Amino acid sequence: MGFPDQVKIVEVGPRDGLQNEQETIPVEVKVELIDRLTAAGFANIEAAAFVSPKWVPQMATSADVMAAIRRKAGVVYSALTPNMKGFDGALAAGAGEVVIFGSASEAFAQKNINCSITESIDRFRDVAAAARAHGLRLRGSISCAFGCPYQGNVPADAVADVVGRMRDLGCDEIDIADTIGTGTPRHVQQVMARAAAAFPVERLSGHFHDTYGQALTNIYASLEVGIAIFHASVAGLGGCPYAKGATGNVATEDVLYMLHGLGIRTGIDLDTVVDAGQFIMRHLGRKPAGRAGNAIANRRAP
Ligand code: HMG
Ligand code: MG
């Protein structure tokens, strides 16, 4: 299979990237980050999560953030919505897409959303119906598709099963997520092929955390089997509060550098993303995690 001419990058830094930060990040900093990402040309930015503030305190300001961002026509700003309370928040905040997030691992579902896989799908049913009624896009995210911090192995059958259930809920897009970054390229291709047997491949996405340094390779492996949507996090921000030791999503700068090098269009300006990464990491007091972003910034230095 040839590579796609064009790939959609969903920038998840403002949500997946920031959710695990211990210090509360001021609303205006989050807003400036999102505005910079909008300026960089992303068509889809995961900007917020309407989840319990007791579970993920950093996301408690999601409504304020969504109210203050400067939106660009055509850009979809997404929000995580585990239940109807979350949906109501996302709708009021003007999210263009709501994300129901489940798991291919029973153990992780319990830890992350406090219910079984089957119970989660039941809760998502109302969210899916409400999204349809209000004309919002619906995305389904499947955590632990390649391994689980609590149960270890996750069979491809379990992933395919949840893909089928998310499809039946009417998801426009489904994310196959390597929450703990343990996946390797052949394994990724096998799971993606199973997922693609249950859902149109052009609407599947790869969400790779880089904990074991495999994320970029896994993206390349996914491209080989027809995946053309990937999630990435500016400066490689992130981690998951319910996956101990999980590091950030693959750095957006690294993904863009590779894709552009392959002659694949993204519509995103890499230099503007590098600046956004420098901006947020200056605030957090750390160096960006990606390689390409740092290399580009170093090359610019006088
Ligand atoms: P629960 O405790 O079972 O829910 O949590 P509950 O319905 O019994 O409600 C308990 C309390 O939470 C109540 O408040 C509710 O009002 C409140 P109280 O009466 O105690 O004051 N509550 C809410 N508040 C705000 N927004 C809401 C909401 N729902 C209930 N939507 C629940 C169940 C799902 C809510 C909880 O487990 C939760 O919020 N989990 C979120 C976990 C999370 O955000 N994890 C990180 C995102 S997923 C991720 O990062 C993975 C991903 O990147 C892909 C990958 O890498 O794998 C997507
Ligand atoms: Mg994630």
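Tutor: A salt bridge is a side-chain nitrogen of Lys or Arg within 4 Å of a carboxyl oxygen of Asp or Glu. The model under discussion is a predicted one, and the structure holds 17 salt bridges.

Student: What can side chains of opposite charge do when their charged atoms come close?

Tutor: Such side chains can pair. In this structure, one case is Glu46 with Arg139, where the closest N and O atoms are 2.9 Å apart.

Student: Are Glu46 and Arg139 buried or exposed?

Tutor: A residue counts as buried when its relative accessible area is under 20%. Glu46 is buried because its relative accessibility is 2%. Arg139 is buried as well, with a value of 0%.

Student: With which residue of strand β6 does Arg139 form a pair?

Tutor: That residue is Asp175, which lies in strand β6, 36 residues apart from Arg139 in strand β5. The side chains of Asp175 and Arg139 meet in a salt bridge of 2.7 Å, N to O. Asp175 is buried, and so is Arg139.

Student: Which residues are linked in a network of salt bridges?

Tutor: The network links Lys8, Arg15, Asp16, Glu46, Glu97, Arg137, Arg139, Glu173 and Asp175.

Student: How exposed are Arg167 and Asp168, which also form a salt bridge?

Tutor: The closest N and O atoms of Arg167 and Asp168 are 3.0 Å apart. Exposed means over 50% relative accessible area, with partly exposed lying between that value and 20%. Arg167 is therefore partly exposed, at 36%, and Asp168 is exposed, at 58%.

Student: What surrounds Ser78?

Tutor: Ser78 lies in strand β3, and its bridge partner in β4 is Glu97. Ser78 is buried, since its relative accessible area is 0%. Its side chain makes a polar contact of 2.7 Å with the side chain of Glu97, and another polar contact, of 2.9 Å, joins the side chains of Ser78 and Asn44. Leaving aside residues up to four places away in sequence, Ser78 touches several others, including Ile45, Glu46, Val99 and Arg139.

Student: Which residues coordinate the magnesium ion (ligand 2)?

Tutor: One reads a metal site from its donor atoms. The magnesium ion (ligand 2) is coordinated by Asp16 (OD), His207 (NE2) and His209 (NE2), at 2.0 to 2.3 Å. Along the chain, these donors follow the spacing D-x190-H-x1-H. His207 counts as buried, with 5% relative accessibility, and His209 is buried at 3%.

How values were computed. Residues numbered from 1 in each chain as written. Chains lettered and ligands numbered in written order. Predicted model: local features only at pLDDT ≥ 70, side-chain atom pairs only at ≥ 80, totals over all residues. Heavy atoms only, no water. Pairing = 2+ DSSP bridges. Helix = DSSP H or I, 4+ residues; strand = E, 2+ residues; numbered from the N terminus. Buried < 20%, exposed > 50% of the residue type's maximum accessible area, 1.4 Å probe, protein only. Polar contact = N/O pair within 3.5 Å; in protein donor to acceptor, adjacent residues only side chain to side chain. Contact = heavy atoms within 4.5 Å. Donors = N, O, S within 2.8 Å, 3.2 Å for Na, K, Ca; no water.
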